[in-house]
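Please keep the sequence and the three-dimensional view at hand while reading.

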Number of protein chains: 2
Amino acid sequence: MPVNLTEVARHAGVSLATASRVLNGSARSPAPDISERVRASAEELGYVANAQAQALARSTTGLVGLVVHDIADPYFSAIAHGVQEMALQSRRQVLLAGTDLGGEDGTPRSAELAAVKAFISYRTDAIILATSRFLEEDPLLAKSLERYIKNGGRVVTLGTTSIPDARVVTIGNFDGARELAAALLARGLTRFAILSGPHERNTARSRVAGFMSALAASSLEPLAVVPGPFTSRGGFDATIECLDTLKITSGQDEAESPLCILAANDVMALGAMTAIRSRGLRIPDDVQVAGFDDIPTLRDHSPGLSTYRLPLEEIGRLAAGLALDPDAQPLATVTGTVMLRESAGQPTFVADGA
Amino acid sequence: MPVNLTEVARHAGVSLATASRVLNGSARSPAPDISERVRASAEELGYVANAQAQALARSTTGLVGLVVHDIADPYFSAIAHGVQEMALQSRRQVLLAGTDLGGEDGTPRSAELAAVKAFISYRTDAIILATSRFLEEDPLLAKSLERYIKNGGRVVTLGTTSIPDARVVTIGNFDGARELAAALLARGLTRFAILSGPHERNTARSRVAGFMSALAASSLEPLAVVPGPFTSRGGFDATIECLDTLKITSGQDEAESPLCILAANDVMALGAMTAIRSRGLRIPDDVQVAGFDDIPTLRDHSPGLSTYRLPLEEIGRLAAGLALDPDAQPLATVTGTVMLRESAGQPTFVADGA
DNA sequence: GATAAAGTGGAAAGCGCTTTCCCATCTGTG
DNA sequence: CACAGATGGGAAAGCGCTTTCCACTTTATC
């Protein structure tokens, strides 16, 4: 139904080949007057190139696929924003898929497999896997991706992967968690509980391992390690469980150092704070909390959340960079910084740049 | 490079047509034994249909374009999540574009035009415009969209639009804002200031108009109306300006009703709360704050933010529904509910479901 | 048992582009 | 002034699929 190149060519009185050369960046560019005529015709007819047809003819689509867990989660949306930015710069379009919703057929199996297959079907030039699932769990996914790479596709994952030839953006989850916990230990805290998040995400695992490592270095062990979903509700529930198990109540023994809850991410930490408040406990006096990520909307939270700041958008940009540049270094590393605020480790209020 | 249908057909010893009929939902389906053979070959060779080629042949792409302002903004990411969900259900892929980043050529002109043109080029079956820009401002955009619709594309916008035949999800911004302000007035507040957000977004304008309408109904006028970007920082700055202009200081005159800041959205309200705290003022005793949207991460905020809860994901689902169903009603309406929490109108703490 | 009605696989014509050749025209040189 | 070398436009062959016809079996009908 839309106007096509043939019509433009006819309208301008030139051949299809010439019209194509004028309208789409070709090595050869026709004479100025001809070009002008073609351009005028295109404009007049409202011609818009059919990217699908171009993709078929050029065998490259200009598409990059981004698969996240939940686009509504600030962690992923920040990354998506970074990806978006790079994609725009290189005139690529991004295809987005989330893995947190069941498929149309009810099978919640591997949502990432479904997303990746769709992307491969659309012949995206690259696929960015921002969900931190263990790929080993899904041999089918691995096979699809390997074949995709063999066929010229580029794959970027966040964190380690078992896919050979995939490019990876390494995030300092382990080291960051260790640093954060170390900073807290340095402030004199000794009693910790860990909200470990979901088992199957390796970001969660790495962070928990980092926390443990720091504690172990001080010959400490967490008083509790409670798993749960990476959501505010997950943090809330896990915290309630913690508080109950450890019998933390209002009138805390002043002699003891307050319990410090280390959450595997900020969203859980947020839920944890709500749980603590709901028990009538004070932060940081009775219980302290630390998170991970430093998501933007929480920077305005009060009390300020101690956390490990990850440059999320930058991670997105890096991933997109690896995805878009055919001969980029196959590896990028990202580290963050410890942010001590009132919720833990920091006894007094300290303003830290809006 | 990837295996194509021709190879599968040859491998299975059937014609191209037959292979196509077996592998992709065709009206005619070949005999069981043949089908099985084809499927086996496809599996063995790792065949993945080329969606681009299919799009070309079928002249429908299975793509839906979503243009948001900033995917990292919880408002948009929640909507995107809803869209995603519906798209998945009907096996569509979503192409995402943001309009908050300058184009690659430095021209920040109309990012939406660029996004829409790209989508049209990719022949998306539908385009969802979730940015709340006034389309009238951009006649080129309007022209492109009209042509797109004429060519069989579907366009969905959030809020009113001047594009004929576009489908629209009407959001109760005006009424919601009025209700919210009315509820606050009913609690006895009389002194208001409005953080009006960016002029060019009509969601902001409608909300402000709603606030004003409620005030006017009580013969009141806002003490100040300060514009600014829809960001936490924007809310912070606007609030500081407000506080300074109105000379609100710590030792407030107890006789007067506290100032209530009505922010055009939650993110700004968040910044406002930070600004208020930074001035050493208490919420809600000295200054009160209300927002709009009820974004999820803020539900755990303390003090709880009074706001107007919009079913963001539902809005996304509705928009996607209108976009995907060729003969859906061209109009959907969404309303929300007033949420009074501690930050304004609600003098005492009331827990409201996690 | 002849004939009409179904059913089934295949050939081929696109879908809208890009790009390789090819040919015609033009420029500069001996 | 004839010829090699540029230069520039056009014809046509794909890119990987869908789908319309067509030809050919089968099956059903009287």
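Helices and strands are DSSP runs, a helix (H or I) having at least four residues and a strand (E) at least two, and they are numbered from the N terminus. In those terms, Arg123(B) lies in the loop between H6 and S3 of chain B. The model is a predicted one. Chain B can be laid on chain A by a turn of 180° and a shift of 0.0 Å along the axis, with an RMSD of 0.0 Å. An open sheet of 12 strands includes strands from chain A and from chain B.

**Confidence of the model**

- Chain A has a mean pLDDT of 87, and 92% of its residues reach 70 or more.
- Over residues 348–354 of chain A, pLDDT stays under 50, and the model has 5 contacts beyond four places in sequence for this stretch.

**Relation of the two chains**

- The turn of 180° with a shift of 0.0 Å along the axis is the relation of a two-fold axis.
- In chain B, Leu95(B) has the C-alpha nearest the axis, 2.3 Å from it.
- The same surface serves both copies, as 100% of the contact residues of chain B recur in chain A.

**The contact between the chains**

- Chain A gives 59 residues to the contact, and chain B gives 59 residues.
- On the side of chain B that touches chain A, the elements that give two or more residues are helix H4 (51–58), helix H5 (74–89), S2, H6, helix H10 (232–245) and helix H11 (266–278) of chain B.
- H5(B) supplies the largest share of that side, with 9 residues.
- By class, the side of chain B that touches chain A holds 27 nonpolar, 22 polar and 10 charged residues.

**The sheet**

- The 12 strands of the open sheet have mixed pairing and follow the order S11(A)-S5(A)-S4(A)-S3(A)-S1(A)-S2(A)-S2(B)-S1(B)-S3(B)-S4(B)-S5(B)-S11(B).
- Its edge strands are strand S11 (331–334) of chain A and strand S11 (331–334) of chain B, each of which pairs on one side only.
- On average, neighbouring strands of this sheet are turned by 20° against each other, direction ignored.
- S2(A) and S2(B) run antiparallel and are joined by 3 bridges.
- Within this pair of strands, Leu96(B) in S2(B) stands opposite Val94(A).
- In chain B, strand S4 (residues 154–158) and strand S5 (residues 167–171) pair in the parallel sense over 3 bridges.
- Thr157(B) has Val168(B) in S5(B) as its bridge partner.

- Helix H6 (residues 111–121) of chain A is largely enclosed by the rest of the structure, because 8 of its 11 residues are buried.
- Those buried residues are Ala111(A), Glu112(A), Ala114(A), Ala115(A), Val116(A), Ala118(A), Phe119(A) and Ile120(A).
- The buried residues of H6(A) pack against strand S1 (63–68), S2, strand S3 (126–129) and helix H7 (139–150) of chain A, and also against S2 of chain B.
- Helix H6 (residues 111–121) of chain B lies across strand S1 (63–68), strand S2 (93–98) and strand S3 (126–129) of chain B, together with strand S2 (93–98) of chain A.
- Relative to S1(B), helix H6 of chain B runs at about 175°.

**Residues with positive phi**

- Arg123(A) follows H6(A) and has a positive phi, near 55°.
- Arg123(B) is not a glycine, yet its phi is positive, about 55°.
- Arg123(B) has 24 other C-beta atoms within 10 Å and is therefore buried, the cut-off being 20 or more.
- Arg91(A), a residue other than glycine, also has a positive phi, near 50°.
- Arg91(A) is found in the loop between helix H5 (74–89) and S2 of chain A.
- With 13 other C-beta atoms within 10 Å, Arg91(A) is partly exposed.

**Cis peptide bonds**

- In chain A, a cis peptide bond with omega of about 0° joins Ser302(A) and Pro303(A).
- Pro303(A) has its place in the loop between strand S9 (287–290) and strand S10 (307–309) of chain A.
- In chain B, the peptide bond from Ser302(B) to Pro303(B) is cis, and omega is near 0°.
- Pro303(B) has its place in the loop between strand S9 (287–290) and strand S10 (307–309) of chain B.

Conventions:
Residues are numbered from 1 along each chain as its sequence is written. Chains are lettered from A and ligands numbered from 1 in the order in which they are written. This is a predicted model: local features need pLDDT of at least 70, side-chain atom pairs count only at pLDDT 80 or more; totals for chains, interfaces and linings use all residues. Two strands pair if DSSP finds at least two bridges between them. Axes are lines fitted to C-alpha atoms, for helices over the stretch in contact, and angles run from 0 to 180 degrees between N-to-C directions. Two residues are in contact if their C-beta atoms, placed from the backbone, lie within 7 Å. A residue is buried if 20 or more other C-beta atoms lie within 10 Å of its own, exposed if 12 or fewer, and partly exposed in between; C-beta atoms are placed from the backbone. Ala, Val, Leu, Ile, Met, Phe, Trp, Tyr, Cys and Pro count as nonpolar, Asp, Glu, Lys and Arg as charged, and the others, Gly among them, as polar. Copies are superposed by least squares on the C-alpha atoms of residues with pLDDT of at least 70 in both. pLDDT is the predictor's confidence in each residue, from 0 to 100.
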